[in-house]
Amino acid sequence: MFLGGWLPAQQKIYDAAMQSDAIVDLGNNVEGARMGFAVPGYVHDAGITSAEQLNEPENRERFGAEFYSIESGSTVGEAIHDAADNDVYGLGDWDIRESSTAGMLAEVDAAYRDQRWIAFYGWTPHWMAPKYDMVILDDPESVYGRENGKSDIRTVVRRDFSEANPNLTRFLDQVVFSAEEQSQFIDEFSQQGKDLEEVAEQWIESNPEQVQSFLEGVTTRDGEQPTIE
């Protein structure tokens with residue numbers, strides 16, 4: 001089972017697996033996921049709300065005509081290079097600076113500490129969202145997909161696994177979080193150093209009604225209805 005089927009970013013892989021009838025799609029498990037042109041909160045507060053504004057003369061100077069992205073050859077890397085090649089938003093002569101995700105976020109972190117302007121590829125859920133008060137800009141030309149980079153994060157399972165485990169499949173089908181919740185989880189265990197079990201237990205204790213909705217119609221190993229105390 002895989003809870004990270006990010007669409008449309010992984011559309012080609014997903015379509016191939018679906019066509020082979022190898023997997024079952026249980027639907028979206030994160031509401032509010034997005035990806036696209038991103039800036040720290042203080043840049044958004046200064047009035048930058050759309051990718052159309054990036055190359056305006058004053059803004060271009062403050063951004064240094066640089067856009068930070070992740071690994072060359074990735075789907076999102078192809079998207080920004082296609083945009084630059086076609087001079088979308090006037091990015092044709094911008095320096096597209098690609099590195100690892102860690103490398104890109106090191107640049108964002110340095111800019112954030114100094115309150116410098118920086119434009120980068122961002123996505124949520126991720127710890128970058130709460131840490132940098134990150135805002136994903138409007139993208140009217142759909143460089144990163146329709147509806148300003150709106151994304152689904154699908155739960156997919158092997159077909160034979162689903163057929164052999166209908167009870168667990170029902171549970172997985174009902175597990176849905178918001179992008180904000182997921183981002184907070186990621187921040188707590190990857191940035192704040194909390195144990196995964198601690199993060200999970202604290203959320204479960206604080207959200208019994210939501211947990212109960214995950215368990216509707218699901219039984220325990222003994223055939224009983226699970227309850228959250």
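**Reading a helix and its salt bridges**

Modeller: Welcome! A search of this whole structure, which is a predicted model, finds ten salt bridges.

Colleague: What lets side chains pair in this way?

Modeller: In general, side chains of opposite charge can pair when their charged atoms come close. Here, Asp 109 and Lys 131 form a salt bridge, at 3.5 Å from N to O. The two partners lie 22 residues apart and link distant parts of the chain, with Asp 109 in helix H5 and Lys 131 in helix H6.

Colleague: Is Asp 109 buried or exposed?

Modeller: Asp 109 counts as buried, because its relative accessibility is 17% and the cut-off for buried is under 20%. Lys 131, at 34%, counts as partly exposed.

Colleague: Which other residues of H5 are buried?

Modeller: Start with the general idea: an α-helix has 3.6 residues a turn, so residues three or four places apart point the same way. In H5, Met 104, Leu 105, Val 108, Ala 110 and Ala 111 are buried along with Asp 109. Their cover includes helices H2 and H6 as well as strands E5 and E7.

Colleague: How do I check the span of H5?

Modeller: Take 1.5 Å a residue: the 14 residues of H5, 101-114, should span 20 Å, and the end C-alpha atoms are 20 Å apart, which agrees. Just after the helix, Gln 115 takes a positive phi of about 60°.

Colleague: Which residues are linked in a network of salt bridges?

Modeller: Asp 25, Asp 152 and Arg 154 are. Asp 160 and Arg 158 also meet in a salt bridge, at 3.0 Å from N to O.

Definitions and conventions: Residues numbered from 1 in each chain as written. Predicted model: local features only at pLDDT ≥ 70, side-chain atom pairs only at ≥ 80, totals over all residues. Heavy atoms only, no water. Helix = DSSP H or I, 4+ residues; strand = E, 2+ residues; numbered from the N terminus. Expected span 1.5 Å × (residues − 1). Buried < 20%, exposed > 50% of the residue type's maximum accessible area, 1.4 Å probe, protein only. Contact = heavy atoms within 4.5 Å. Salt bridge = Lys/Arg side-chain N within 4 Å of Asp/Glu carboxyl O.
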